[in-house]
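We will go from stop to stop, selecting as we go.

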Amino acid sequence: MRSVVGTDDLLLVTLDTLRFDVAEELAAAGRIPHLARHLPGGRWERRHAPGSFTFASHQAIFAGFLPTPAAPGPHPRLFAARFAGSETTADGTFVHDTPDLVSGLAGAGYRTVCIGGVGFFNRQGPLGTVLPGMFQESHWEPEFGVASPTSFEAQVARAEEVVAALPADRRLFLFVNVSALHQPNWFHLPGATREAGDSRETHAAALEYVDRHIGRLFAAAGSRRRCFAIVCSDHGTAYGDDGYTGHRIGHEVVWTVPYAQFFLPGPAAPEGAR
C-alpha cells in the first residue's frame, strides 16, 4: 500500500452483515456476476471479522484491522497506525501517525467521504456521529437505510455525485456501508412477506440486489484514475443457526466473512499516450 496510497484512489465497501457461506454459494452459482468478475479467481477469500457487530468491526477496520485471513498468521496488514512492537506492520504497509486510517489518508492528501447505511452512520444521535465523524464529508438519508428496498441504488447515485464533484487532481477515499443485507431484507425476495420475516434466502436475494447495481459504483470509483478497492463484510448474522438469530454473538456464521481486494483499472489512456 505504500506504493498505492498517494497515487490511486481508494474504495472501501462493507457489505454489512453478509455471511461468508451465502456469498460463496452465490458466487459459485453465478448469481452475482458483477461482483464475481472482480473477485480474484472468481471466489471470495474466507476471513475472520474484527468484530461481531457493525460499530465494533468498523472501529477496528478504520484503525487498519481489516478482516483477518482465516489461516494461521501472522498476516501483514495493508494499513496500520505507527506503534512499537506491531507484528503485522510490514515493509509494504501504509503507516500513519494518526489514531485512525481515515485521518491518516486525509493527511496524505485524500478527500475522505462516507456514504452511510445502517444506523451507526445516521447522525441521528451521538452514537450515530462517531463513525461518520471521522470523515471530511459524510452522507446519510433515510433512503440509504435498512428499511428502504432501494437503499443501494440511492447510495450509488450519491457516490456518483460525489465523484463527479471532486476536482480531478484530488485523490479520493470513498467508503460505502451497504445496508441492504441487514435485516429487514425480506422485501428483496419476490413472494416473501413481512409476516414470514427474514431468512437465509432473503439475505441471498439482498446480495443479488446489490450485485445488480454495484457495477455503477465500480464504474464511478474507477472513472478518474486507477482505484484500489476492498469489498468485504464487517460481520455475518444468524438465521436460526444452532438456535441463534442475529449477530453480536460468538457464532461461526457471525465471525466468518467474505473479503476481496482488487484494482479497478481506471479510464483508458488517450491513444497517443499509450
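Buried means under 20% relative accessible area, exposed over 50%, and partly exposed in between, with a 1.4 Å probe and protein chains only. Helices (H or I, at least four residues) and strands (E, at least two) are DSSP runs, numbered from the N terminus. This is a predicted model, where local features need pLDDT of at least 70, side-chain atom pairs count only at pLDDT 80 or more, and totals for chains, interfaces and linings use all residues. Residues are numbered from 1 along each chain as its sequence is written, and side-chain values use heavy atoms, leaving out hydrogens and water.

**Stop one: helix 1**

Select residues 20-28, which form helix 1. Which residues of helix 1 are buried? They are Phe20, Val22, Ala23, Leu26 and Ala27. These cover an arc of only 165 degrees around the axis, so they sit on the same side of helix 1. The arc is taken from the directions from the helix axis to the C-beta atoms. The buried residues pack against strand 2 (45-48), helix 7 (200-221) and strand 12 (256-264).

Now select Phe20. Its relative accessibility is 6%, so Phe20 counts as buried. Contact means heavy atoms within 4.5 Å. Beyond its neighbours within four places in sequence, Phe20 is in contact with residues including Trp44, Arg46 and Pro258. Just after helix 1, find Gly30, with a positive phi of about 75 degrees.

**Stop two: the largest core**

A nonpolar core is a set of buried Ala, Val, Leu, Ile, Met, Phe, Trp, Tyr and Cys residues joined through side-chain atoms within 4.5 Å. The largest has 44 residues; Leu11, Leu15, Trp44, Leu174, Leu207 and Leu217 touch the most other members. Helix 7 gives the most to this core, with ten residues.

**Stop three: aromatic rings**

Rings of Phe, Tyr and Trp (its six-membered ring) pair if their centres lie within 6.5 Å; planes under 30 degrees apart count as stacked, over 60 as edge-to-face and the rest as tilted. The count here comes to ten aromatic pairs. Select Phe135 and Phe173: the centres are 6.0 Å apart and the planes at 20 degrees, so this pair is stacked. Next, select Trp186 and Phe187. Their centres are 5.6 Å apart and their planes at 65 degrees, so this pair is edge-to-face. Trp186 is buried at 16%, whereas Phe187 is partly exposed at 23%.
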